[in-house]
Amino acid sequence: MVLGSVFGAYKAYETKRIADAAWPELEGGLYASAVTRGGVMSLIPGDELYGSGILEGGIPALTNPKYASVLASDASIADGLYGVDVSMNGEHRFYPVQILNWHGVVNDTWGGKDIAVTYCPLCATGIVYDRTIDGTVTTFEATGQVYNNNTIMKDAATESLWVQGLGIAVQGDAIGTSLSVIPSHMMTWDDWKNAYPSGLVLSTDTGVTRDYTRHPYSNYDTSQGLYFPMNFVSSAFTAKWMAYGVTDGTHGLGFADVVLSGTGINIAYLGEEKVIAIYDYSTKEARVFQAGDRTYAYDFAKKRLTDVETGSVWNVYGEAISGPLKGEHLLQYQVTRGFWGCLAALHPTWNAVTTKTPVEAITDETTE
């Protein structure tokens with residue numbers, strides 16, 4: 001009995017010692033399984049959850065958003081500013097970054113979906129999620145905390161904490177739950193208004209007093225550094241290079257704007273799948289597609305992509321516009337656009353595509 005009591009006491013002591021110990025070191029991403037320290041169960045190191053100086057409630061989410069026409073919105077949005085384009089049932093809506101910077105989340109319902117349009121101003125990641133958790137529709141808001149420079153959100157239903165760039169609950173009752181991603185695309189206002197002149201635009205009439213003509217973090221977007229400590233740093237690209245990440249759920253790739261703008265295309269393997277990233281020089285954006293079994297050649301002088309097998313010409317939207325395959329479309333991946341330093345820290349297993357192509361069969365065409 002005495003031995004059993006001693007063993008029981010030691011086990012209780014050891015359990016408390018482990019629970020009160022420092023958080024295990026983590027090099028990017030999430031723990032493989034939840035860790036408990038000080039009574040807190042978490043998928044990220046609790047001591048790397050940093051306060052931004054903004055108290056909870058200081059970044060008010062929008063829950064009853066109003067919309068305006070393109071014509072009415074044009075005077076208040078600069079042509080080169082980005083926003084999140086969401087399309088459902090043939091309708092397009094634009095959520096300007098200059099509004100999202102101040103609110104973090106727009107809880108919306110349209111097209112038969114309850115969605116959360118989320119944006120992290122420190123990572124420049126705009127991602128749209130279905131805001132349903134285990135069958136319950138809820139709302140989200142930014143907490144003022146960050147992990148690896150990325151916004152931490154809280155949901156109203158379970159009050160769990162979520163990493164914006166991952167859509168995964170890292171603390172609370174919903175821990176380990178993943179939100180479903182709703183397809184979206186980051187575009188400049190100039191490109192969006194010309195492409196969708198009858199679309200609707202998130203209105204600056206938010207019911208909250210904010211100066212939507214300025215960035216809450218001043219010149220952060222054009223500075224070199226990230227604000228908060230990171231537990232993973234990738235040397236593949238500079239931290240503030242804009243990058244485009246794609247994943248198949250297991251593997252991931254990161255394509256850099258700087259590299260793509262100098263090559264026109266990147267081709268790499270996402271697991272076993274060959275993919276092609278195409279740079280749009282008119283919009284300065286990239287799109288990523290399944291390449292299939294074809295070999296592609298890019299004429300940089302003409303900004304023209306062809307497949308070697310048929311000679312068909314493909315545009316930046318993954319559509320064959322001439323040749324035997326005219327009218328065919330490549331399958332497009334959902335892209336997460338953001339600063340490389342953030343994407344790499346949230347997805348440390350993603351491979352950065354640093355060269356034009358690792359596929360030997362790809363060639364340049366320079367003939368007229």
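**Note on Arg 287 and its chain**

1. The side chains of Arg 287 and Asp 280 make a polar contact at 3.5 Å (a pair of N or O atoms within 3.5 Å; within protein, one must be able to donate a hydrogen and the other to accept it, and residues adjacent in sequence count only if both atoms are side-chain atoms).

2. This is a predicted model, in which local features need pLDDT of at least 70, side-chain atom pairs count only at pLDDT 80 or more, and totals for chains, interfaces and linings use all residues. Residues are numbered from 1 along each chain as its sequence is written, and side-chain values use heavy atoms, with hydrogens and water left out.

3. Arg 287 sits in strand β23, residues 285-290 (strands are DSSP runs of E, at least two residues; helices are runs of H or I, at least four; both are numbered from the N terminus). The chain has six helices and 30 strands.

4. Is Arg 287 buried or exposed? With a relative accessibility of 8%, Arg 287 counts as buried (buried is under 20% relative accessible area, exposed over 50%, partly exposed in between; 1.4 Å probe, protein chains only). Of the 368 residues in the chain, 51% are buried.

5. Leaving out residues up to four places away in sequence, Arg 287 touches His 185, Ile 276, Ala 277, Ile 278, Asp 280, Val 316, Tyr 317 and Gln 332 (contact means heavy atoms within 4.5 Å). Across the protein chain, among contacts between residues at least 6 apart in sequence, 56% join residues at least 24 apart.

6. Along the principal axes, the C-alpha atoms fill a box of roughly 90 × 50 × 40 Å.
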